[in-house]
Amino acid sequence: MNESQEIALVQGVLSREPASMRELYDRHIGYLATVCHRYILGEDDRKDILQESFIKIFSSIERFQYRGEGSLRAWMARIVVNEALGQLRKNKGFESVLPVEELPEPLVEDEDVDTIPEGVLLDMIASLPEGYRTVLNLYVFEERSHREIAQLLSIKESSSASQLHRAKSLLAQKIKEYKKQL
């Protein structure tokens, strides 16, 4: 979709044109469902989050500012991530027990990750405990700092770092096990 088409689509949604709203939904639901799945594993919960996200997208589209190709998708993904995080915060906290200084370094090399099929790697990430998975997703996919993650999840920065470290360690174990099976 080029710039003029994307701007026209946003204008249609702003005008509450049902066809434009449907097109926006159809074009982006797959990607946004994938983003949501990185945080929320339960299908019913994901459906609820996506529904709430689209309600927010449609009701706040006037706040969207076009900043180039991909900016609409990024803006909508941020809404989905925030909705998913809100759901996770309601369910439980993300505090960690060990200080970061006491955790050993995970043994994951970039080339190890590069040899794993994307679907397998995403399944490995999905199998991580919720807190680990959430911090890993925010840090790696959303490129958030530990300070930002701490603010988003209402935890300490050190807890964010600890959760990330633990996620990487578990992921390293899963990669090692996967490679043994090959």
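The axes of helix α7 (residues 130-140) and helix α8 (residues 146-153) approach to within 10 Å and cross at roughly 135 degrees. That angle makes α7 oblique to α8. The crossing of these two helices, α7 and α8, is right-handed. On the α7 side the contact is made by Thr134, Val135, Leu138 and Tyr139, and on the α8 side by His146, Ile149, Leu152 and Leu153. Sorted by class, the contact of α7 with α8 holds six nonpolar and two polar residues, with no charged residue taking part. As the model is a predicted one, local features are described where pLDDT is at least 70.

The protein chain has nine helices and zero strands, and reading along the sequence gives the pattern α-α-α-α-α-α-α-α-α. Of the 182 residues in the protein chain, 41% are buried. The accessible surface of the chain comes to about 10700 Å², with 48% of that area belonging to carbon and sulfur atoms. Turning to contacts between residues at least 6 apart in sequence, 71% join residues at least 24 apart.

The crossing in which α6 passes α9 is right-handed. Here Val120, Leu121, Met124 and Ile125 in α6 meet Leu171, Lys174, Ile175 and Tyr178 in α9. The residues of this contact of α6 with α9 divide into seven nonpolar, no polar and one charged.

Which residues does Asn137 touch, once residues up to four places away in sequence are set aside? The partners of Asn137 are Arg38, Tyr39, Ile125 and Glu142. One of these partners, Ile125, is also among the α6 residues that meet α9. Asn137 itself lies in helix α7, and its relative accessibility is 0%, so Asn137 counts as buried. Asn137 and Ala126 are 11 residues apart in sequence, and their C-alpha atoms are 9.9 Å apart in space.

Is Glu83 buried or exposed? The relative accessible area of Glu83 is 17%, and the cut-off for burial is under 20%, so Glu83 is buried. Glu83 has its place in helix α4 (residues 71-91). Not counting residues up to four places away in sequence, Glu83 touches Ile49, Glu52, Ser53 and Lys56.

Between Ala19 and Leu9, which are 10 residues apart along the chain, the C-alpha separation is 9.4 Å.

Most residues other than glycine have a negative phi. Glu143, however, has a phi near 55 degrees, a positive value in a residue other than glycine. Glu143 lies in the loop between α7 and α8, the helices whose axes cross at roughly 135 degrees. The relative accessibility of Glu143 is 66%, so Glu143 counts as exposed.

Where in the chain does Ser154 have its place? Ser154 is found in the loop between α8 and α9 (157-181). Although Ser154 is not a glycine, its phi is positive, at about 55 degrees. With a relative accessible area of 60%, Ser154 is exposed.

Definitions and conventions: Residues are numbered from 1 along each chain as its sequence is written. This is a predicted model: local features need pLDDT of at least 70, side-chain atom pairs count only at pLDDT 80 or more; totals for chains, interfaces and linings use all residues. Side-chain values use heavy atoms; hydrogens and water are left out. Axes are lines fitted to C-alpha atoms, for helices over the stretch in contact, and angles run from 0 to 180 degrees between N-to-C directions. Helices (H or I, at least four residues) and strands (E, at least two) are DSSP runs, numbered from the N terminus. Angles under 35 degrees count as roughly parallel, over 145 as roughly antiparallel, 65 to 115 as roughly perpendicular and the rest as oblique. A crossing is left-handed if the near helix is turned anticlockwise from the far one by less than a right angle, and right-handed if clockwise. Contact means heavy atoms within 4.5 Å. Ala, Val, Leu, Ile, Met, Phe, Trp, Tyr, Cys and Pro count as nonpolar, Asp, Glu, Lys and Arg as charged, and the others, Gly among them, as polar. Buried means under 20% relative accessible area, exposed over 50%, partly exposed in between (1.4 Å probe, protein chains only). Accessible areas come from the Shrake-Rupley method with a 1.4 Å probe; for residues, only the protein chains shown count as cover.
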